Amino acid sequence: MHFPTAGGPFFRHLRLWHAVPASLVVVAVVAFLVLLPSDGARSVPNSPCRPADSARGDTPATPDLDGDGFVDLVHEISDTENFDVIVVPGSAHGPDHDRTTVLTRDDLGVPDDIQTGDDPWQPTIADLDEDGHADLVVSGAAQVLWGGPKGPQAGGPHGRVPLPGSGYDTAPIAGDFDGDGHTDLAVFRFSNEDQELVVLKGPFKRSGAPTRTVEIPSPVHEGASPVLIAGDANDDRATDLALYDSPWDPPLLFTGGARTAGGLSKKPERLPEGENVVFGDFNGDGRQDVAIGRSFVDSYDEVDTPHRRGQISVRYGKAPGKWVTMDGGGFKEGFGTRLAAGDFNGDGCDDLAVQLTKKKETGDARIEVLRGGSEHGLGSKPWRATKRSVPGDDGPVDGTLFAVHDWDGDGRSELALLGADTWWITDGTDRDEASFPVTPSKDQGP
């Protein structure tokens with residue numbers, strides 16, 4: 001991954017693993033209960049949230065490459081000539097920067113003729129060959145570094161998922177789209193000649209070959225390159241697929257488990273307008289809810305932001321036909337630029353981290369957290385606001401929302417913020433748990 005300024009292609013293509021940032025937020029329908037942060041994992045009053053130690057079988061897979069039970073911080077740095085994947089292992093104290101490993105293009109087996117874009121990504125981590133170990137899928141080449149007891153290793157066995165044609169700029173995302181119990185991959189192909197959604201059915205051979213490849217005509221307008229995100233919006237255990245951030249189309253949702261070749265519904269559902277989509281269980285009923293952010297800020301700051309607040313639209317799993325819309329932040333503050341879901345107080349309900357960005361190309365950002373677990377789901381007022389900055393050539397560069405996970409395994413999620421060459425891991429209450437440079441020092445070995 002590389003690290004451009006906020007609002008550039010990085011923000012248009014960033015994917016979050018868990019369905020992944022103090023102004024008042026006005027709710028459009030009902031008043032929500034607002035809660036102060038908790039110093040211990042306890043149930044929120046009037047909330048159906050389960051305790052932090054309760055089993056949640058529907059929790060998505062987390063990026064744990066070495067199988068030690070701690071989430072790893074994994075990111076891809078690339079430009080037209082160089083390509084690296086940096087792995088910061090997880091630990092009881094969060095990401096352990098001292099054990100950082102850098103996997104180069106040669107380590108990963110990415111061919112020299114593969115052109116990579118100038119953006120940071122989160123590679124895909126999934127057990128494709130069903131050997132019980134997490135595999136690493138990187139770049140638009142869909143290169144696979146196979147896992148083992150200690151995780152994927154530099155120079156270790158690798159393969160490549162054969163993608164039809166050309167025109168891919170991100171690694172495929174993982175999910176069981178047909179509900180058969182095997183991990184599949186999905187990726188969007190865009191080119192001047194042919195656009196399509198490609199589903200690669202698992203299990204995968206060690207060469208990288210899928211059981212079957214299904215090509216679906218593009219559901220978006222020509223020239224669009226939407227972001228893909230996986231979740232389960234209807235609680236049927238088959239993975240659903242959302243496409244968003246197409247300039248000419250609203251977010252779309254394909255339902256998984258359909259009787260089609262790819263396992264996805266023939267036609268996608270049109271969701272409310274917005275620039276990003278995230279899945280999370282905000283009311284603790286065991287079903288994933290859908291949240292959509294709409295900041296009204298232009299992707300390239302070429303059009304003035306209208307004099308209005310940003311919005312979050314939420315559809316709860318218990319009421320699939322109803323959308324609740326909340327306005328947030330101040331006028332022109334870009335509330336809803338980025339979203340990420342995570343349980344920051346360990347009460348069993350997901351909270352919603354929301355990034356505010358006035359100008360996407362200038363790198364300004366702050367993150368507000370809306371509390372989950374009230375009687376109706378998300379609270380309408382920010383629980384905490386977080387902002388981190390580092391000096392830059394053209395002024396301060398703010399830390400932007402990269403991912404949300406329970407990095408230290410304590411039952412509560414943390415925010416991973418990225419700004420210039422710096423990571424911040426915060427606990428959701430504006431307190432740093434770790435801060436370290438993105439690039440390891442030259443004398444630091446793998």
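Two strands count as paired if DSSP finds at least two bridges between them. Helices (H or I, at least four residues) and strands (E, at least two) are themselves DSSP runs, numbered from the N terminus. Keep those terms in mind as you click along.

A word on what is on your screen: this is a predicted model, in which local features need pLDDT of at least 70 and side-chain atom pairs count only at pLDDT 80 or more, while totals for chains, interfaces and linings use all residues. Residues are numbered from 1 along each chain as its sequence is written, and side-chain values use heavy atoms, with hydrogens and water left out.

**Stop 1**

Select residues 414-419, which make up strand β29. Are they buried or exposed? Six of the six are buried, so β29 is largely enclosed by the rest of the structure. Here buried means under 20% relative accessible area, exposed means over 50%, and partly exposed is in between (1.4 Å probe, protein chains only).

In a regular strand the side chains alternate between the two faces of the sheet. Colour Glu-414, Ala-416 and Leu-418 for one side of β29, then Leu-415, Leu-417 and Gly-419 for the other; both faces are covered.

Look across from Leu-417 in β29 and you will find Leu-401 standing opposite. Ala-416 has Ile-425 of β30 as its bridge partner. β29 and β30 form a hairpin with two residues between them, and Ala-420 in the turn has a positive phi of about 55°.

Stay in β30 and pick Thr-426. Thr-426 is buried, with a relative accessible area of 0%. Contact means heavy atoms within 4.5 Å. Leaving aside neighbours within four places in sequence, the contacts of Thr-426 include Glu-414, Leu-415 and Leu-417, along with Arg-388 and Asp-432.

**Stop 2**

Strands of a sheet pair through backbone hydrogen bonds, either parallel or antiparallel. Show β6 to β9: these four strands form an open sheet in the order β6-β7-β8-β9, with antiparallel pairing. Each of β6 (124-126) and β9 (158-160) stands at an edge with a single partner strand, so one side of each is left without a neighbour in the sheet. From one strand to the next the twist averages 25°, an angle between N-to-C directions on a scale from 0 to 180 degrees, with axes fitted to C-alpha atoms. Zoom in on Thr-124, whose bridge partner in β7 is Val-137.

Move on to the open sheet with the order β14-β15-β16-β17, again four strands with antiparallel pairing. Its edge strands are β14 (227-231) and β17 (269-270), each pairing on one side only. Inside this sheet, β15 (240-244) and β16 (252-254) pair over three bridges, and Leu-241 stands opposite Phe-254 in β16.

**Stop 3: residues in the loops**

Most residues other than glycine have a negative phi, and most peptide bonds are trans. Select Ser-139, in the loop between β7 and β8 (143-145). What is the phi of Ser-139? The value is near 60°, which is positive in a residue other than glycine. Ser-139 is also buried, with a relative accessible area of 1%.

Phe-296 sits in the loop between β19 (289-294) and β20 (310-315), with a positive phi near 70°. At 16% relative accessibility, Phe-296 counts as buried.

For a cis peptide bond, go to Gly-202 and Pro-203, where omega is about 5°. Pro-203 lies in the loop between β12 (196-201) and β13 (212-217).

Finish this stop at Gly-90, in the loop between β3 (83-88) and β4 (101-104). Gly-90 is buried, at 0% relative accessible area. Beyond its neighbours within four places in sequence, Gly-90 has contacts that include Asp-68, Phe-70, Arg-99 and Trp-407.

**Stop 4: a pocket**

The second largest pocket holds about 720 Å³ of space. On a 1 Å grid over the protein atoms alone, a pocket is an open set of points where a 1.4 Å probe fits, with protein on both sides within 12 Å along at least five of seven lines; lining residues have an atom within 4 Å of a point. The volume is the space filled by probe spheres set on the points, which are joined across faces, edges and corners. Select Asp-245, Ser-246, Pro-247, Glu-275 and Ser-299, the closest to the pocket's centre of the 26 residues that line it.
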